[in-house]
Amino acid sequence: MLDTTGDGRTWLLSGPRSSYAVHLTEDDELLHLHWGPRISLADAEALAALPLPGHWPFESALDGREEYPVEGGPRFARPALSVRTEERRGTEWAFEAYETGSGEEADELRLRFRDAGLTITLHYRMRDDVVERWVTLRNEGPAVELLRADSATWTLPERDGWRLSQLHGRWAAESRLTAAPLTYGEKVVGSRRGHTGHQHLPWVALDTDATEEHGEVYGCALGWSGSWRIAVAQLPDARVQITGGAGHDDSGLARLAAGESFTTPVFAGLWSDRGFGGASRAWHAYQRAYVIPDAGRDRPVLFNSWEATGFDISEEQQRALARRAADLGVELFVVDDGWFGARTGDHAGLGDWRPNPDRFPAGLGPLADEVHALGMRFGIWVEPEMVNPDSELYRAHPDWVQYQKGRKRTEFRNQLVLNLAREDVQEYLWEQLHTLLSSAPVDYVKWDFNRCFTDAGWPGEPYPQRLWADHVRALYALLDRLRAAHPGVAFESCSGGGGRIDLGVLGRTDQVWTSDNTDPLDRLAIQHGFSQIHPARVMAAWVTDSPNTMLNGRVSSLRFRFVSAMAGVLGIGGDLTRWTEEELAEARGWVALYKEIRPLVQRGDLYRLRPPRGGLSAVQYVLGGEAVVLAWLQAQHHGEPVPALRLRGLDPTASYECRETGEVHRGVVLLHHGLRLALRGDLDATVLRLRRI
């Protein structure tokens, strides 16, 4: 809901539980008024009437109070907007008008300012209790360079003792949750790698004393799949602001000639008074409703051939795996790397997106047809933004990669990054992928990105810095174009695991590959962090072989591996030809159970009952009158009882039938008593199903 005062200088956006308010002063200074519990327009007007402190030579009355601080004038806080022309640098804007959307966008607020030939429009939209903010810049005068154009600056209320939570990590150890007191100065997280990165997810949360289910939490998440930056600053007067957007520094995003425009990605913010769990559930509901394509359609159980075969694949071998996968109840069979070009290892073939004639003499069609006949969908792996020097594409177009003239071209994994900002590269990839998806009945594409930008140059381009942003925009446009042309094809975002996960790519893909680390114990911490912002509906998780030879050699029971992976979109990635009959029979039971609980896991409300810090950990999903609990016992001393779980999200006046991994559990669950699970060393994970009776 959007409200505006009669003088058109105070605006209030309200959701079911929260409000957001801004005010324009007589001097055209746009001030932040409120972000938090729901208030009335009269409350916002009263806040607008409060006077600002006076200016001092060494301090600014605007710092910490401005809604979108620009560079220039009486301000010293980090600017969200920094521009320059041939004559000057900075912004001195004047308010022009406000507009509201129409139709489905009726609640969108647009505040338009002008500085000479540059029009700056701030966009706001409240979706449930999530505020979406972004900025459009349009130039009608001499050329303007955008050194920095952040999507938003968020201002927090005055509180003592802010604590900052973030998700950090590295390859195979992504999404690790950490929290620390916020101190004076700036804390900056981001990526300068050309993609979202394994090191940080573009999300931060701030609180003072929140728990999992109680207390105020402010969270912000950026929807951008390239380099990015979020800066959290505690200013000298203790006020806190969060500024974020595309780009990792102020070296330049774009140069706008007359008639050109630039739109920033969405930077979304959420206030919750229901702790970190309540904030997570609100983020999940927002993404299922407004971000993720076809979110109401549950994702299928998949099998991926990579860990079973590596690059050494053949059509008959894939057929044999497909038959075993179908026997387990798998619904989607995916051929990973090695099906195309001269791809017998990671040294060749990237860029040549045609089936290898020695491995698939008649193309992918016959294998896809057999997979369909077995009752499964068919998928493939691609890495379109990359090229091997040993490829037909590179030999024909060596200038199509990112490189610095006169410098060595850095190779990671024997590959280079294509300059997707080039229109000829965009058209080539469209033709290759469109032809591929038209030549065989492909239902799913795993889209990988296995190295970072290093030599991000563009010889001959007047403004080569633009490739950082234009690469991402071209990626989005290519995905949008392919989805429109092939509406039945689902896409997964992968980047060596969790290197490209954000609200931007999630608006164009159906799920994401959470991590290359498939060890079920390691995955509990990764999935715990991931769940702070993103829902289980997009979190791909595999059951692979034990011991885990790729990373740590750890031995895990099949039960523990399955229950760990069932917390998201279940997949299987082991070598099924080596599984015993007993393992295959057990796996069939777990797959069948997952299909029964899948609607709750993928569409239900998540409650993190106990974090994965050793001992017992558990999560709970609630949908309607049903719930499911997944629990894992990581370690237990002899004679030590398993702690009781306090279930959440259920009707405290109702009784619930409780079944544990298919067997009737004793009695009914009484919520005020909690629940003690019968876990022990030889029963290290369990699935508990509850139904209101």
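This is a predicted model: local features need pLDDT of at least 70, side-chain atom pairs count only at pLDDT 80 or more; totals for chains, interfaces and linings use all residues.
**Notebook: a helix, a buried glutamate and some rings**

I began with helix α12 (residues 581-603), whose 23 residues reach 33 Å from first C-alpha to last, close to the 33 Å expected at 1.5 Å a residue. The expected span is 1.5 Å times one less than the number of residues, and helices here are DSSP runs (H or I, at least four residues; strands are E, at least two), numbered from the N terminus.

Residues are numbered from 1 along each chain as its sequence is written, and side-chain values use heavy atoms, leaving out hydrogens and water.

Next I looked up E132, which is in strand β9 (residues 130-139). Is E132 buried or exposed? E132 counts as buried because its relative accessibility is 3%; buried means under 20% relative accessible area, exposed over 50% and partly exposed in between (1.4 Å probe, protein chains only).

Then I turned to rings. Rings of Phe, Tyr and Trp (its six-membered ring) pair if their centres lie within 6.5 Å; planes under 30 degrees apart are stacked, over 60 edge-to-face, the rest tilted. I found 28 aromatic pairs by this rule. W283 and Y286 have ring centres 6.1 Å apart and planes at 65°, so they are edge-to-face. Both lie in helix α2 (residues 275-291), three residues apart, about one turn, and both are buried. F453 and W468, with centres 5.3 Å apart and planes at 50°, are therefore tilted. F453 is buried at 6%, whereas W468 is partly exposed at 24%.
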